[in-house]
Amino acid sequence: MRITILLFARLRDVVGAARLERDAAAGATVEDVWAALATEFPAAAPHRAALSAAVNAEYAKFPAPVADGDEVAFLPPVSGG
């Protein structure tokens with residue numbers, strides 16, 4: 001299945017792109033998508049502990065499933081005042 005990965009802030013800088021198109025296996029989860037990304041871009045791996053994720057613009061936990069055509073976003077921590 002084909003998915004879109006959106007990357008923001010420092011993670012975008014590490015990967016060198018804000019948007020990637022990748023294949024994922026049937027039954028893949030957000031965690032699987034992250035693991036494949038971290039394998040392809042090892043410098044991204046240390047950022048995992050601070051990330052949130054979203055699937056199709058809805059916050060999602062890393063065990064959440066992804067489907068063909070989904071958009072998976074990895075979001076940095078947000079600060080505000």
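**Figure 1. Strand 1 and strand 5 run parallel and are joined by four bridges.** The model shown here and in the other views is predicted. Within this pairing, Leu6 stands opposite Ala73 of strand 5. Strand 5 is mostly covered, with four of its five residues buried.

**Figure 2. Strand 3 and strand 5 run antiparallel, again with four bridges between them.** Two of the residue pairs can be picked out in this view. Ser52 has Leu75 of strand 5 as its bridge partner, and Val55 has Val72 of strand 5.

**Figure 3. Five strands form an open sheet with mixed pairing, in the order 2-1-5-3-4.** Strand 2 and strand 4 (58–60) are the edge strands, each pairing on one side only. On average, and with direction ignored, neighbouring strands of the sheet are turned by 30° against each other. Helix 2 packs on the sheet and touches strand 1, strand 2, strand 3 and strand 5. The direction of helix 2 makes about 70° with that of strand 5.

**Figure 4. Helix 2 (residues 30–40) has Val30, Val33, Trp34, Leu37 and Ala38 buried.** These residues lie on the same side of helix 2, because they cover an arc of only 130° around the axis. An α-helix has 3.6 residues a turn, so residues three or four places apart point the same way. The buried residues of helix 2 pack against strand 1 (2–7), strand 2 (19–23), strand 3 (52–55) and strand 5 (71–75), and also against helix 1 (9–15).

**Figure 5. The largest nonpolar core holds 24 residues.** Leu7, Val30, Trp34, Val72 and Phe74 touch the most other members of this core. Two or more residues come from each of strand 1, helix 1, helix 2, strand 3 and strand 5. Helix 2 gives the most, with five residues. In soluble globular proteins, nonpolar side chains tend to be buried together.

**Figure 6. Val30 is one of the buried residues of helix 2.** When neighbours within four places in sequence are left aside, Val30 is in contact with Ala53, Val55, Lys61, Phe62, Ala64, Val66, Val72 and Phe74. Two of these contacts, Val72 and Phe74, are listed with Val30 among the core residues that touch the most other members.

**Figure 7. Phe41 is found in the loop between helix 2 and strand 3.** Phe41 counts as buried because its relative accessibility is 19%, and the cut-off for buried is under 20%. Leaving aside neighbours within four places in sequence, Phe41 is in contact with Val15, Leu20 and Arg22. Phe41 and Val14 are 27 residues apart in sequence, while their C-alpha atoms are 7.8 Å apart in space.

**Figure 8. Arg22 and Glu40 form a salt bridge, with 2.7 Å between the closest N and O atoms.** This pair links distant parts of the chain: Arg22 belongs to strand 2 and Glu40 to helix 2, 18 residues apart. Arg22 is partly exposed, at a relative accessible area of 25%. Glu40 also counts as partly exposed, at 40% relative accessibility.

**Figure 9. Arg2 and Asp23 meet through their side chains in a salt bridge (3.3 Å, N to O).** Here too the pair links distant parts of the chain, with Arg2 in strand 1 and Asp23 in strand 2, 21 residues apart. Arg2 is partly exposed, with a relative accessible area of 38%. Asp23 counts as exposed, at 60% relative accessibility. The count of salt bridges in the model comes to five.

**Figure 10. Arg19 forms a salt bridge with Glu21.** The closest N and O atoms of Arg19 and Glu21 are 3.7 Å apart. Arg19 is partly exposed, with a relative accessible area of 49%. Glu21 is partly exposed as well, with a relative accessible area of 33%.

Notes
Residues numbered from 1 in each chain as written. Predicted model: local features only at pLDDT ≥ 70, side-chain atom pairs only at ≥ 80, totals over all residues. Heavy atoms only, no water. Buried < 20%, exposed > 50% of the residue type's maximum accessible area, 1.4 Å probe, protein only. Arc of directions from axis to C-beta. Contact = heavy atoms within 4.5 Å. Core = buried A, V, L, I, M, F, W, Y, C linked by side-chain atoms within 4.5 Å. Pairing = 2+ DSSP bridges. Axes fitted to C-alpha atoms, helices over the stretch in contact; angles between N-to-C directions. Salt bridge = Lys/Arg side-chain N within 4 Å of Asp/Glu carboxyl O.
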